[in-house]
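Reader: I am new to this structure and would like to learn how to read it. Could you take me through it step by step?

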Amino acid sequence: MDNCLFPDSMNFDPKHFDMQIPPYSFVAFRGGARICPGYEFARLETLITMHYLVNRFTWKRYIPDISFPEIQCQL
């Protein structure tokens, strides 16, 4: 955190977040100027891996006599 915006910024003080601050001056992990450049790549890689896991393997129930109720959806 910037000492100009948050005095004594190295110590935890919940009152830091009570005052009005400029947008994107503190965004902990998911946004702002310092967002991870590999975030979207990792997200896409995870989705592709899940796609191949679901489609390339034959899935069986571990306990075959358990039934799941059908979900009725109206679109």
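Author: Gladly! Let us start with a term: a residue is buried under 20% relative accessible area, exposed over 50%, and partly exposed in between (1.4 Å probe, protein chains only). This is a predicted model, where local features need pLDDT of at least 70 and side-chain atom pairs count only at pLDDT 80 or more, while totals for chains, interfaces and linings use all residues. Residues are numbered from 1 along each chain as its sequence is written, and side-chain values use heavy atoms, leaving out hydrogens and water.

Reader: Is Met 50 buried, exposed or partly exposed?

Author: Met 50 has a relative accessible area of 46%, so it counts as partly exposed. Met 50 is part of helix H1, which covers residues 39-56. Helices (H or I, at least four residues) and strands (E, at least two) are DSSP runs, numbered from the N terminus. The chain has 1 helix and 0 strands.

Reader: Which residues form a nonpolar patch on the surface?

Author: A patch takes residues with over 30% relative accessible area and no salt bridge, joining like charges within 9 Å and nonpolar side chains (Val, Leu, Ile, Met, Phe, Trp, Tyr) within 5 Å. Here Met 50, Leu 53, Val 54, Phe 57 and Trp 59 form one, with about 550 Å² of accessible area together. Such areas come from the Shrake-Rupley method with a 1.4 Å probe; for residues, only the protein chains shown count as cover.

Reader: What forms a salt bridge with Arg 43?

Author: Side chains of opposite charge can pair when their charged atoms come close. The rule asks for a side-chain nitrogen of Lys or Arg within 4 Å of a carboxyl oxygen of Asp or Glu. Arg 43 pairs with Glu 40, their closest N and O atoms being 3.7 Å apart. The two are 3 residues apart in helix H1, so about one helical turn separates them.

Reader: And where does His 16 lie?

Author: His 16 sits in the segment before H1, and at 5% relative accessibility His 16 is buried.
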